[in-house]
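Thanks for making the time this morning. I would like to walk through one model with you, beginning with a pair of helices and ending at the sheet.

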Amino acid sequence: MARLIFLGPPGAGKGTQAKLLAELLQVPHISTGDILRSAITAKTPLGEKAKSYMDAGDLVPDSLILDMIRDRLNQSDAHKGWILDGFPRNVSQASFLDELLQELNQTCDYAINLEVPDEVLMSRLLERAQKEGRADDNEDTIRRRLEVYRSETAPVIGFYRDHSVLTVINGDQPVQSVTEYLKQLVCS
Ligand code: B4P
């Protein structure tokens with residue numbers, strides 16, 4: 001049983017590590033970014049509402065995100081554990097999750113914050129732009145996402161430090177080195 005949250009700025013490796021660890025631990029990888037991108041591709045009402053915020057590098061409003069997370073954590077595959085990637089992204093989302101987990105009689109084992117310098121984040125995301133063509137991976141939008149991260153998401157780190165589940169990891173290392181560190185942390 002494992003319940004983990006991945007924190008960190010855009011490009012820190014949250015999605016990359018969350019996917020690898022979810023396979024190892026056999027728990028669902030729940031990425032709010034992936035859910036939103038699928039909704040945009042499928043042109044659902046959620047996707048239509050979320051698109052302009054994501055394209056601008058802003059957070060999608062909590063009113064669209066919170067029900068989505070409640071539904072996902074209530075699905076049967078999430079009863080045995082989960083890895084949350086990209087959620088919570090502000091303190092009000094973190095408080096919501098705290099209450100939801102109490103309702104579900106669950107606790108979070110680790111909130112993992114991946115630290116990476118801004119210039120490395122920028123170059124990783126520009127490189128991904130060339131490979132995957134994601135609409136929000138252009139220089140102006142990346143700068144906006146980093147600003148939003150600092151003002152809205154970074155305070156979430158303190159929230160989990162106060163709850164004594166925070167682990168800080170240097171994400172400016174090869175993918176495999178970060179994965180090894182994480183394996184030792186969660187499997188020890
Ligand atoms: P996300 O999908 O969460 O995207 P992200 O922050 O850019 O990180 P991602 O996980 O994709 O990338 P990673 O660091 O793994 O969010 C996108 C948007 O969705 C947000 O801006 C927002 O609008 C919206 N959204 C999502 N969740 C929300 C929420 N809860 N509330 C409101 N809005 C929300 O990797 C980046 C690149 O680096 C990859 O190409 C990877 O290959 C590379 N990389 C990773 N680790 C590396 C390493 N160690 N060395 C070298 N390269 C590495």
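This is a predicted model: local features need pLDDT of at least 70, side-chain atom pairs count only at pLDDT 80 or more; totals for chains, interfaces and linings use all residues.

Helix α2 and helix α4, residues 62-73, pack at an angle of about 105°, and their axes lie 11 Å apart; axes here are lines fitted to C-alpha atoms, for helices over the stretch in contact, and angles run from 0 to 180 degrees between N-to-C directions. The two helices are therefore roughly perpendicular to each other, a label that covers 65 to 115 degrees. Thr32, Ile35 and Leu36 of α2 meet Ile65, Met68 and Ile69 of α4, where contact means heavy atoms within 4.5 Å. The residues of this contact divide into five nonpolar, one polar and no charged, with Ile, Leu and Met among those that count as nonpolar.

Residues are numbered from 1 along each chain as its sequence is written, and side-chain values use heavy atoms, with hydrogens and water left out.

Turning to the sheet, α2, residues 32-41, lies across β2 and β3 (81-85) and runs at about 65° to β2. Helices (H or I, at least four residues) and strands (E, at least two) are DSSP runs, numbered from the N terminus. In what order do the five strands of the open sheet come? The order is β2-β3-β1-β4-β5, with parallel pairing, and two strands pair if DSSP finds at least two bridges between them. The edge strands are β2 (29-31) and β5 (166-170), each pairing on one side only.

Conventions:
Angles under 35 degrees count as roughly parallel, over 145 as roughly antiparallel, 65 to 115 as roughly perpendicular and the rest as oblique.
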